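Dear colleague,

Please find the structure below, handed over for your reading.

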Amino acid sequence: MSDRANRRQRTIELLKRRLLRRGTPRLLVSLILMLTGLGGFLISFSLLHLGVSQMWLRYPVVILLAYCLFLLLLRLWLAFQRAQDRSNLELDFDPSGLADFNPSGLTNYDEAFRFSGTGGDAGGGGAGGSWGESVAASSSSPLASSPSASVSSSASVSGGSTTSSSGGLGLDIDLDSEGCLFILLAIAAIIAGLVAVFYVVYAAPALLAEILLDGVLLTGLYKRLKGIEQRHWLWSAVRRTLLPALLAALFFSLAGFAMQKAAPEARSVGEVWRHITKGER
């Protein structure tokens, strides 16, 4: 790794510490993802009424279009940060300290890297994350096992069909063994897709710190931080989030395929649910 790239990574680490210390970046990204999900629902609804009835085809298209909406919301957040800090953007920062990056020589990270303005500070706290750590954390979470376990434990095979009921909810599930396998496959694929989405929340401090560095700080402070490698904010955002988006599109496409195998006439998750609870063929 070059010296410029090292200096960039060290600056991102400082920003991450300040973001976690002064705000809630994971909550912010969660809210952005909620808005993205709402937009995805509206896109799916529109595509369905335009004649795209195959779930295995519609869902990945919806996710990729919603991903574009996610990037747009990140751009709006950057624009808000830039508007808030444009008038009084200041940097109390020693470039030589960044080059050495000796934490023991810094009495206060806030004093080492700080910019102030009416919009507040941008920076971060906490250690950086990695894809491996997030996958390990996700695989050990209750979400990885509880839905499929509850479905398999509630099913009982009798003759050529599987019938189970939940007395409290009054559900009458009527599917053959092949249909149950496809439903279980769909549930597993949906969980895997959600894990890919939740990784973006896990990596939120690093994501926001990097695009903040590229989209806000270097626009006004580039002359004082020439030693840092500069990138476009969109490239940084795509580099950190494109793989989870592609995995989510793949898994939801698989889920759509499995659901339509279990309920061939269904065009949405709601119709699949009615099919399996009412025993429609």
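**Helix α3 and its residues**

A83 is found in helix α3, where helices (H or I, at least four residues) and strands (E, at least two) are DSSP runs, numbered from the N terminus. This is a predicted model, in which local features need pLDDT of at least 70 and side-chain atom pairs count only at pLDDT 80 or more, while totals for chains, interfaces and linings use all residues. Residues are numbered from 1 along each chain as its sequence is written, and side-chain values use heavy atoms, with hydrogens and water left out.

A83 counts as partly exposed because its relative accessibility is 49%; buried means under 20% relative accessible area, exposed over 50%, and partly exposed in between (1.4 Å probe, protein chains only). Between the C-alpha atoms of A83 and V216 there are 9.6 Å, although 133 residues separate the two along the chain.

Q81 also belongs to helix α3, which spans residues 55-85. Its relative accessibility is 9%, so Q81 counts as buried. Leaving out residues up to four places away in sequence, Q81 touches L212 and V216, contact meaning heavy atoms within 4.5 Å.

Y67 has its place in helix α3 as well. With a relative accessible area of 11%, Y67 is buried. Residues up to four places away in sequence aside, Y67 touches A237, V238, T241, L242 and A245. Y67 and G39 are 28 residues apart in sequence, and their C-alpha atoms are 9.8 Å apart in space.

**The chain as a whole**

The protein chain has eleven helices and three strands. Read from the N terminus, its elements follow the order α-α-α-α-α-α-α-β-β-β-α-α-α-α. The chain has 281 residues, of which 39% count as buried. Taking contacts between residues at least 6 apart in sequence, 78% join residues at least 24 apart.

**The nonpolar cores**

A nonpolar core is a set of buried Ala, Val, Leu, Ile, Met, Phe, Trp, Tyr and Cys residues joined through side-chain atoms within 4.5 Å. The largest such core has 26 residues, and F70, L74 and I211 touch the most other members. At least two residues of this core come from each of α1 (3-22), α2, α3, α8, α9 (204-221) and α10. Helix α9 supplies the largest share, eight residues.

L74 is in contact with I32, L207, L208, I211, W233 and A237, once neighbours within four places in sequence are left aside. Another core lies apart from the largest one; it has 21 residues, among them Y59, A196, M259 and V272.

**The largest pocket**

Rolling a probe the size of a water molecule over the atoms shows where empty space is left. On a 1 Å grid over the protein atoms alone, a pocket is an open set of points where a 1.4 Å probe fits, with protein on both sides within 12 Å along at least five of seven lines; lining residues have an atom within 4 Å of a point. Grid points are joined across faces, edges and corners, and a volume is the space filled by probe spheres set on the points.

The largest pocket has a volume of about 800 Å³. It is lined by 31 residues, and G37, G40, V62, I63 and F252 are the closest to its centre. The elements that give two or more residues to this lining are α2 (25-49), α3, α8 (177-202) and α10 (233-262). Helix α2 gives the largest share of the lining, eight residues.

S253 lies in helix α10. S253 is buried because its relative accessible area is 17%. Apart from residues up to four places away in sequence, S253 touches W56 and P60.

R17 is placed in helix α1, and its relative accessible area of 22% is why R17 is partly exposed. R17 and A206 are 189 residues apart in sequence, while their C-alpha atoms are 9.5 Å apart in space.

With kind regards
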